[in-house]
Every structure is written in C-alpha cells, then in structure tokens.
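Okay everyone, thanks for coming. Have a look at the screen while I get going.

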Amino acid sequence: EAEAEQIGLWSGCEGRMGYWERREKFTGFPKEIAFGLAMNESKHKGKPWPWTINVRGQGWFFKDRMSAYKAAQYLLDNGITSFDVGTHQVNWKWHQKRFTSLWDAFQPEVNYRVAHQIYREEFKATGDAGKAIMRYHSRDPTKGAHYLAGFMQQLNSKK
C-alpha cells in the first residue's frame with residue numbers, strides 16, 4: 001500500500017470507469033453509483049480525489065494521504081469531530097467505528113468499502129437506488145434531492 005501511494009497509483013483514483021468496473025466485480029457495488037458518489041463528493045481536477053476533507057461545507061484537497069491525515073488529526077485535536085474524509089467523503093463523527101483508524105479512513109479501498117456499506121444499508125431501508133443515494137448524503141429530503149441532482153449531473157458528464 002505504501003509503495004503504491006509513493007509512486008502515485010492511488011492518486012486521483014482513476015477518473016476512468018475501468019477502476020470502478022474492477023471494483024464492482026469484487027464487491028458488487030454498482031460502478032455507476034460508486035463513481036457518481038465519488039465524483040459528487042471529492043471531485044478535484046476532474047477526478048475523485050482520495051485525500052479530501054470537508055469541514056462545514058468547505059472542501060480541502062491535499063497532495064497526499066499523510067497531509068490529509070495530519071489535517072484531520074488537527075481537527076480532532078481541536079474538538080472538531082464532524083468532517084468528511086476520503087474519496088467518498090464518509091462523515092467521521094457518524095461512521096468512525098466503521099474504520100480501524102483515522103489513517104485507515106483515507107485509504108481509498110477502505111473508504112470505498114465503507115461507502116458501499118452505507119449505500120447498501122440505505123438501499124435495504126428504502127428499496128430504491130435513488131433514495132439510497134439521497135440518504136447517503138442526508139435524510140433531509142430537500143438536501144437529498146439536491147444531492148441526487150448533482151450525482152446525476154456528475155454521472156452523465158462521464159458518459
């Protein structure tokens with residue numbers, strides 16, 4: 001993992017669908033949904049970006065995992081627990097128990113798996129992919145509808 005990061009294999013999480021297709025084969029997480037969520041959550045320079053933090057609606061993009069981790073640790077050290085991490089912007093306050101550590105939350109494959117867990121739970125609760133996508137972001141229907149519109153825009157821009 002460290003070697004892959006050192007030579008940049010994780011950097012940018014490949015904006016092309018091939019990355020997402022390979023993961024779909026192993027996980028069953030539909031590539032369009034995984035990719036659409038990542039683009040909606042962490043798009044930077046035209047690609048999902050794994051070393052992203054969002055605090056109070058402000059996205060911060062870092063050059064590498066260590067920089068993102070240090071920034072997130074700084075937030076925690078200063079009593080700020082509600083922030084989103086990684087490619088799929090999983091909220092630390094609500095989902096930290098899904099990770100083994102804060103460092104782990106920035107590992108793209110781990111962040112992807114946690115996003116998949118959250119999406120699956122929302123899909124199971126609603127029985128509807130669109131509603132699950134909305135609830136991935138917020139249970140507030142207005143916020144969810146706005147999020148779904150952005151998701152569809154991101155997805156359609158890559159076709």
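This is a predicted model: local features need pLDDT of at least 70, side-chain atom pairs count only at pLDDT 80 or more; totals for chains, interfaces and linings use all residues.

Residues are numbered from 1 along each chain as its sequence is written, and side-chain values use heavy atoms, with hydrogens and water left out.

So, the helices. Helices here are DSSP runs of H or I with at least four residues, strands are E runs with at least two, and both are numbered from the N terminus. Helix 8, residues 129-137, packs on helix 9, residues 141-157, at about 110°, with axes 8 Å apart. Axes are lines fitted to C-alpha atoms over the stretch in contact, and angles run from 0 to 180 degrees between N-to-C directions. That makes the two helices roughly perpendicular, a label for 65 to 115 degrees.

Now the largest pocket, with about 580 Å³ of space. A pocket is an open set of points on a 1 Å grid where a 1.4 Å probe fits, with protein on both sides within 12 Å along at least five of seven lines; lining residues have an atom within 4 Å of a point. The volume is the space filled by probe spheres set on the points, which are joined across faces, edges and corners. Of its 20 lining residues, the closest to the centre are Glu41, Asp84, Tyr136, His137 and Ser138. Helix 9 gives the most, 4 residues.

Conventions
Angles under 35 degrees count as roughly parallel, over 145 as roughly antiparallel, 65 to 115 as roughly perpendicular and the rest as oblique.
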